[in-house]
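This briefing concerns aromatic side chains and their surroundings. The sequence and the structure are shown first, and the points of interest follow by topic.

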Amino acid sequence: MAARSLSTAGAVSSTAYPDAPAEFPHHLQAGAMRRRFWGAFNCLCAGAFGALAAASAKLAFGREVNMSLCVLGIVTMASTNSLMWTFFSRGLSFSMSSAIASVTVTFSNILSSAFLGYVLYGECQEVLWWGGVFLILCGLTLIHRKLPPAWKALPHKQQ
């Protein structure tokens, strides 16, 4: 009978069964979609709050602004910035990797900034800008895809 290597927790390690794919345990697979949803949701909210913080800072430190609007802009910037970091840290805890969370926040921030720029300042973005957003969306789609299974080693390379 072949010897099985056991970890300190008593579970069988992946070296005992080299042909079996490494997957999440069943109890983690059931909530994986829910975790991915909440990770993406928190990252999208973080990007929107980051864009709102930038817009409020632009309003607070504009050229012709009175003192009360400046104070309101600074308070709004501080509160939305803290909300952005709160949602980003929650998104990191729910996401499968930090790369997915970072790209999702960046994409959300770019789209939210474009929307707020149009609504607040009447800014229209150029075609090249939207092309960059499309490429970021393509990269985000590639990152969120499930990875293909690893190839088995050739028989003459196994030892």
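Is W38 buried, partly exposed or exposed? With a relative accessible area of 37%, W38 is partly exposed. The model is a predicted one, and a search of the whole structure finds six aromatic pairs in it.

**Ring pairs**

- F37 and W38 form an edge-to-face pair, because their planes stand at 70° and their ring centres are 5.1 Å apart, where an angle over 60 degrees counts as edge-to-face.
- F37 also pairs with F41, and this pair is stacked, with 6.2 Å from centre to centre and 20° between the planes.
- Through such ring pairs, F37, W38 and F41 are linked into a cluster.

**Position in the helix**

- F37 and F41 both belong to helix α2, which covers residues 32-60.
- The two residues are four apart in this helix, so about one helical turn separates F37 from F41.

**Accessibility of the cluster**

- F37 has a relative accessibility of 49% and therefore counts as partly exposed, since the exposed class begins over 50%.
- F41 is likewise partly exposed, at a relative accessible area of 36%.

**A lysine over a ring**

- K58 is placed over the face of Y121.
- The distance from K58 to the ring centre of Y121 is 4.4 Å.

Note on methods. Residues numbered from 1 in each chain as written. Predicted model: local features only at pLDDT ≥ 70, side-chain atom pairs only at ≥ 80, totals over all residues. Heavy atoms only, no water. Phe/Tyr/Trp six-rings, centres within 6.5 Å; stacked < 30°, edge-to-face > 60°. Buried < 20%, exposed > 50% of the residue type's maximum accessible area, 1.4 Å probe, protein only. Lys NZ or Arg CZ within 6 Å of the ring centre and 35° of its normal.
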